[in-house]
Amino acid sequence: MRDEIEGFKNCKSIAIMGGTFDPIHNGHLVTAEAVRHRFNVDKVVFIPTGRPAHKSQKQVTHNEHRYLMTVLATMRNENFEVSRIEIDRPGVTYTIDTIEELKSMCQPDVRLYFITGADAIHQIMSWKEPERLVSLCDFVAVTRPGYDRASLFGDIREIREKFASRIHFMEVPALAISSSDIRDRAKKGAPIKYLLPQTVEDYIHKFCLYHDTEKDEVKFMLDLEVMQEKLQSALSIKRYIHTMGVADEAERLAEIYGTQGDKQKARVAGLLHDCAKDFPIEVRDRFCKEYKVPMDVNMKKTTDLIHPFLGAEVARRDYLVGDEEILDAIRFHTTGRANMSLLEKIIYIADYIEPNREKFEGIEEARRLAYLDLDMAMKYILEETIEYVKSKGRELHPFSLEALEYYKDC
Ligand code: NAP
């Protein structure tokens, strides 16, 4: 967030381009540039919507995809910025909260314009605190060619009467392009070239966005590089170094015991196994509620046990991992369980033996066993871990006892 504030905190006037951007297209970019010119604003800040009050989450593409497409589309224009304030804000998104948050980051006398499609403005009276909203910023309602302005004026009559000078209209011919048309075309395999920047088109094809076949679900995952960048900001330096060690170790084990596909999955599960571990307590509790993580008595008593279960949900929603095998490997990397999959065992073991861990008694034996026989390594590590947890006076999760019971005879 700090970097994005640097981009606009000293501006005298800012236009906020609010929208779903599913996907962003050339019509949006032309609109932003036209508004910048007409109202002589210093910057245009694109704010992809978070969880809009008026739409269910299922109707829109994942936040991270929409955010990254917006970054790709705007990165070559120094007057454009992209903000995560809506997509990072928990709960339902209201424009009034966005305007207030943005205002608090800027100079007190900053002049704000909120640009959005006239279709959205029709309902403005039903938005949260509409009058206060219009008193805080000007609105630029942009219309497609042939738009029926009279019906819009009818719908917003009440607010227009009071704030006429703060609501502006602009017809933008390039808005003949629409996101819904692009989605339909992509679904049918029709061309979308020249309707949006090439980088965004490449992104859509790479992640098979808008091609709703089940097979494509597997691809719904962030690039490993993007994943690493996100992790770097979510984890402490120490945890990030450990995470990279687990990913490398898991990949090595998968190379020996699994297939090429297992190797890739092992890297992803290794990278994400602790993705929720450094969350501050309030964030952890909030996400547990929002992502509906089932909380058993053991997790309530020993809060250290929450992060693997929450981590699996964070991996699913924020890192777009749809592969249940990877998610289970994250979910059971702390407790283990009986009859674990190859990937679950690999992550459990890699977490214990990764090369960046400080030396402790038993680690060398665990490393030796890991490259001899995975089940023997499981038995050894479970015994050592259970002893360690008991010696600290902490309670064990029943999954760990079931796991030991299962692996002790292997
Ligand atoms: P939307 O359904 O995505 O868009 C409605 C129409 O407006 C579509 O035709 C869309 O075209 C166009 N449009 C949207 N944003 C645009 C933009 N910046 N420039 C040009 N055309 C645009 O509407 P929405 O995105 O959900 O809502 C727009 C904004 O209003 C968002 O920032 C949202 O948070 C805010 N809003 C707030 C509240 C509230 O506070 N309660 C309620 C509703 C909306 P494309 O599909 O081609 O983009």
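The views are taken from a predicted model.

**Figure 1. Overview of the chain.** The predicted model shows a chain with 22 helices and 6 strands. Along the principal axes, its C-alpha atoms fill a box of roughly 80 × 45 × 35 Å. Of the 410 residues in the chain, 51% are buried.

**Figure 2. The shell of residues around the ligand.** The shell around the ligand holds 25 residues, of which T20, H25, H28, R144 and S179 come nearest. Sorted by class, the shell contains 12 polar, 8 nonpolar and 5 charged residues. At least two shell residues are supplied by each of β1 (13–19), β4 (111–117) and α6 (118–121). Strand β4 gives the most, with 4 residues.

Figure 3. An N or O atom in the side chain of T20 is 2.7 Å from an oxygen atom of the ligand. For D119, the distance from a side-chain N or O atom to an oxygen atom of the ligand is 3.2 Å. In the case of T116, a nitrogen atom of the ligand is 3.3 Å from an N or O atom of the side chain. The ligand taken alone exposes 850 Å², and the protein buries 90% of that area.

**Figure 4. Strands β5 and β6.** Strand β5 (residues 138–143) pairs with β6 in the parallel sense, over 5 bridges. Within this pairing, A141 has F169 of β6 as its bridge partner.

**Figure 5. The salt bridges of E64.** Side chains of opposite charge can pair when their charged atoms come close. A search of the whole structure finds 38 salt bridges, and E64 takes part in one with R84, where the closest N and O atoms are 2.8 Å apart. Because E64 belongs to helix α3 (residues 63–74) and R84 to the loop between β3 (80–82) and α4 (85–88), this pair ties together parts that are 20 residues apart in sequence. E64 also forms a salt bridge with K230, with the closest N and O atoms 3.1 Å apart. K230 lies in helix α12 (residues 224–234) and E64 in helix α3, so this pair ties together parts that are 166 residues apart in sequence. With a relative accessible area of 7%, E64 is buried. K230 also counts as buried, at 18% relative accessibility, because buried means under 20% relative accessible area.

Figure 6. D88 forms a salt bridge with R84, the closest N and O atoms being 3.0 Å apart. The relative accessible area of D88 is 41%, so this residue is partly exposed. R84, by contrast, has a relative accessible area of 18% and is therefore buried.

Notes: Residues numbered from 1 in each chain as written. Predicted model: local features only at pLDDT ≥ 70, side-chain atom pairs only at ≥ 80, totals over all residues. Heavy atoms only, no water. Pairing = 2+ DSSP bridges. Near = heavy atom within 4 Å. Polar contact = N/O pair within 3.5 Å; in protein donor to acceptor, adjacent residues only side chain to side chain. Areas by Shrake-Rupley, 256 points an atom, 1.4 Å probe, with all protein chains shown as cover. Nonpolar A, V, L, I, M, F, W, Y, C, P; charged D, E, K, R; others polar. Salt bridge = Lys/Arg side-chain N within 4 Å of Asp/Glu carboxyl O. Buried < 20%, exposed > 50% of the residue type's maximum accessible area, 1.4 Å probe, protein only.
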